[in-house]
There are 2 protein chains.
Amino acid sequence: MVRRLKNAQLQTLSLDSGSAVPLHQQLFLALRSAILEGRLLPDTRLPSSRTLASDLGISRNTVLSAYDQLTAEGYLVSRIGAGSFVSDQLPDDLLERKRREEETPGVKTRDIYLSRMAATLKGAPPMRQYRGLPFSPGLPALDEFPFEDWARLLARHWRRPKREFLVDNPVGGARVLRDAIARHLGQTRAVRCHADQVIVLSGSQQAIHLVVRAFAEPGDSIWMEEPGFPGIRESIIGAGARPVSVPVDAEGFSLQNARALAPEARLACISPSHQYPLGQTMSLARRIELLTWAKEEGRFILEDDYDSEYRYAGRPLSSLQGLDDDSRVLYVGTMSKVMFSGLRVGYMVVPEDLVDMFLAFRRTIDSHSPSVPEAALADFISEGYLAAHIRRMRLLYEQRQNALLALLKDRLGDILTVEPQESGMHLVAYLPPDYQDKEIERAALQSGMMVRALSGFYSLPTEENGLILGFAGTAEKEMPQLVDKLRDIILKRGR
Amino acid sequence: MVRRLKNAQLQTLSLDSGSAVPLHQQLFLALRSAILEGRLLPDTRLPSSRTLASDLGISRNTVLSAYDQLTAEGYLVSRIGAGSFVSDQLPDDLLERKRREEETPGVKTRDIYLSRMAATLKGAPPMRQYRGLPFSPGLPALDEFPFEDWARLLARHWRRPKREFLVDNPVGGARVLRDAIARHLGQTRAVRCHADQVIVLSGSQQAIHLVVRAFAEPGDSIWMEEPGFPGIRESIIGAGARPVSVPVDAEGFSLQNARALAPEARLACISPSHQYPLGQTMSLARRIELLTWAKEEGRFILEDDYDSEYRYAGRPLSSLQGLDDDSRVLYVGTMSKVMFSGLRVGYMVVPEDLVDMFLAFRRTIDSHSPSVPEAALADFISEGYLAAHIRRMRLLYEQRQNALLALLKDRLGDILTVEPQESGMHLVAYLPPDYQDKEIERAALQSGMMVRALSGFYSLPTEENGLILGFAGTAEKEMPQLVDKLRDIILKRGR
């Protein structure tokens, strides 16, 4: 049966010549909807392209283009000498279903079978972005970064990129960058490695993910520090494993505490050089104890060495990796603190016999990082820009720490207990028990400051109560006003 | 008991003033090794800094610096008025162990408990890099890319980067890029989405990883196409799931075949617009059948739309996503083919009710992509550079396909059966059964050509026998010589 298109059906074809969507595409979509929704039934004959073009006031080529596409996709069939018809090969159930839905409007329910891991994430609140607010811990001095130099190094590589940097980039990162990082770590952190052991990643988060999934089956226990970096907890959970929070003390991570909580842990994730967020250094005895555990039990240690570059008193302590004589340490570092986190470059140093496994594994989750920026970064390191920037920032951050410390003692000394930090980018200011750090965090955020509650770094209920105050990314001249604002918040909202 | 350092022990301290490692660091490492290896015993008194400096012919500050670090790390203790001593707090077992190892040299065996997934990857051969050899499938014309324009857009953003592009980048990608991609996909692929549904990733590999892990528990079945893209298989295995290869036919992926093989599959990974590598388009009836399955069973479909931009005959077919009325399709695209893979930008378009879950999940594996290049890419799209480049490449690739086709017919027409492709970047040339495609692939690789064996895209033993020849990235003037070389290889090594 041949049906003829009624004029009324053409009314639904409203095209908008001002839209960014080309007219032929609009017409295609409109006719397709009409077919799928049953407004144009199978075997209906469409007007000739000339007629429809004239009716709609558009060019004939536009109509032909839409008809061609509908024909190519099987919605129309073209019969020689007779014109274009709606296909009768469209499954009835699709057409039926469309009509049924329109007759029963309302809230759509749908079945979704998610993996257990995805189901736990489904309820997560949308993520907040803080855009580097004052006092954010780990926020570097963005205004001080030599962007002109960086842009120039990048442009040098992008204008005439090497062919090998454009396709099939090595999974572990551009050779020049792996070399530069290996040299840099050997000199500054006493990391013992050659360049093949360096794997460049999109950040330390990716390193944690890879390491956890490499050593733990879903449900296996992983030790982390309490208090500790929440991103590690998220990564452990995201990888399907179970984070076990091990209380730290003045000597840092304690194997004894850890064994008492979960003797069978697969992996220890620690920050031995500068505990996050409290700032202590893991003692040598504890380091050796943990390395011995790893060797004897055949386990591994993830060393998160996130900000050791900034040390104001004494010298940077060597890495745990450099002490390790049984290749049990996965060393993780990042450019987020010495450059900025939006660069998205981190790295790990892995034992030689695990390099191929980690490369193969990394390839399954995101192939590799872009080589051209890696080559520019290698220049930035090798040509001394990075070291010069770190030196400048070390002096600047020291001044900023001193300034913030003086202001806190002067204006909040009656409430906060705060000591200088030998290294890093933030202060820990303790509150008396009758103040609520999370309440202060919330109120400060509303005033445009990112003052993190110390208790928020604990996974279990805690008596600890204080504020983590980043000093590196906040200009000295802005500090008095900010501290005054903080004082008001603490006095008003704290108790 | 106080021990005195003997001169002989100092002999082991060989420092190299020409090394990139600073002298104080060399001295620190040398003394630390001597302590850990038991050559310097607990309570040994070290020479004064002045004496050691003089003995070694280095500055006193260098020695002081090394001593300070050894003291800070607990290897030395300083007794006022008496000098520096090796600590007696070093656990004996560490020192013992060191000595024992030295007495029993030989192959080191070590226990490694890897997750099952990592264990399967451990045996994987090291990865090969092909550096974009001629005939590589998916290799674009790198020489034709407007790098000057691209470098200029990048530099514009890097010289004076917005603060929000440097820290706390949004997990889903810079807003401007999500907007640009949503518009681009709506216009060119009839993808129906708003910008919030676009998640910018480091490539399609990452999209596959996220989708597989979101919908499958370890061990669950995932349908993929047979033949199909080996990277999908790797990702499915890397995510702990089980790939089920479903034979395609002239209409593409077949639900009937799939159900017969694994009725309980959680997800279907398909390339409906241009089957990889055979090139057919999934028919409308099959599309509707699969969407109905997903809706009725509460399952999902990953649509890999990897190279639909290059179409030489007819118009690009619309995406499966645009047909989907129950939000069952995860649409995956990439900039690797229209720009180059070293850019590391891909994206997925996900149903609205899964956006937050995918963002939270992505954050656990690598946080986010760098925003500054994303902003430059948004300009590249919005200011028309991308569309202009694609138009130029479409013409160029059409010429290149025709040229290669003519050469193959002329010089290998007696052996190869090859038809023009309506779209994409590669030809499929079938071999008679008495030739060995994998043998030809290996020999061609040794001659510097990347001619992929068709049988290598099958996971099961197959009768299929042929060569996948990328034409997009190979200059026309180089083709005659390459085809002659290929002819020699086929004649010599094929049978």
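Predicted model: local features only at pLDDT ≥ 70, side-chain atom pairs only at ≥ 80, totals over all residues.
Two copies of a chain are related by a rotation about an axis and a shift along it. Here, chain B is superposed on chain A by a rotation of 180° with 0.0 Å of shift along the axis, and the RMSD is 0.1 Å. That is the relation of a two-fold axis. Within chain B, the residue that comes closest to this rotation axis is B:A155, whose C-alpha lies at 3.4 Å. Both copies use the same surface, since 100% of the contact residues of chain B recur in chain A.

Chain A itself is divided into three parts: domain 1 covers residues 23-99, domain 2 covers 146-384 and domain 3 covers 388-492. Between the C-alpha centres of domain 1 and domain 2 of chain A there is a distance of 58 Å.

A pair of helices in chain A illustrates the packing. Helix 9 of chain A, residues 204-215, packs with helix 10 of chain A, residues 230-238, at an angle of about 40°, and their axes are 9 Å apart. The crossing of helix 9 of chain A and helix 10 of chain A is right-handed. Helix 9 of chain A contributes A:Q205, A:I208, A:H209 and A:V212 to the contact, while helix 10 of chain A contributes A:G231, A:I232, A:S235 and A:I236.

The backbone deserves attention at several positions. Most residues other than glycine have a negative phi, and most peptide bonds are trans. Against that background, A:D43 has a positive phi of about 75° although it is not a glycine. A:D43 is found in the loop between helix 2 (23-36) and strand 2 (44-45) of chain A.

The peptide bond from A:Y276 to A:P277 is cis, with omega near 5°. A:P277 is placed in the loop that runs between strand 8 (267-270) and helix 12 (284-297) of chain A. In chain B, the bond from B:Y276 to B:P277 is likewise cis, with omega near 5°, and B:P277 is located in the loop between strand 8 (267-270) and helix 12 (284-297) of chain B.

Conventions. Residues numbered from 1 in each chain as written. Chains lettered and ligands numbered in written order. Heavy atoms only, no water. Axes fitted to C-alpha atoms, helices over the stretch in contact; angles between N-to-C directions. Helix = DSSP H or I, 4+ residues; strand = E, 2+ residues; numbered from the N terminus. Left-handed = near helix turned anticlockwise from the far one by under 90°. Contact = heavy atoms within 4.5 Å. Least-squares fit on C-alpha atoms with pLDDT ≥ 70 in both. Domains from an automatic or database assignment.
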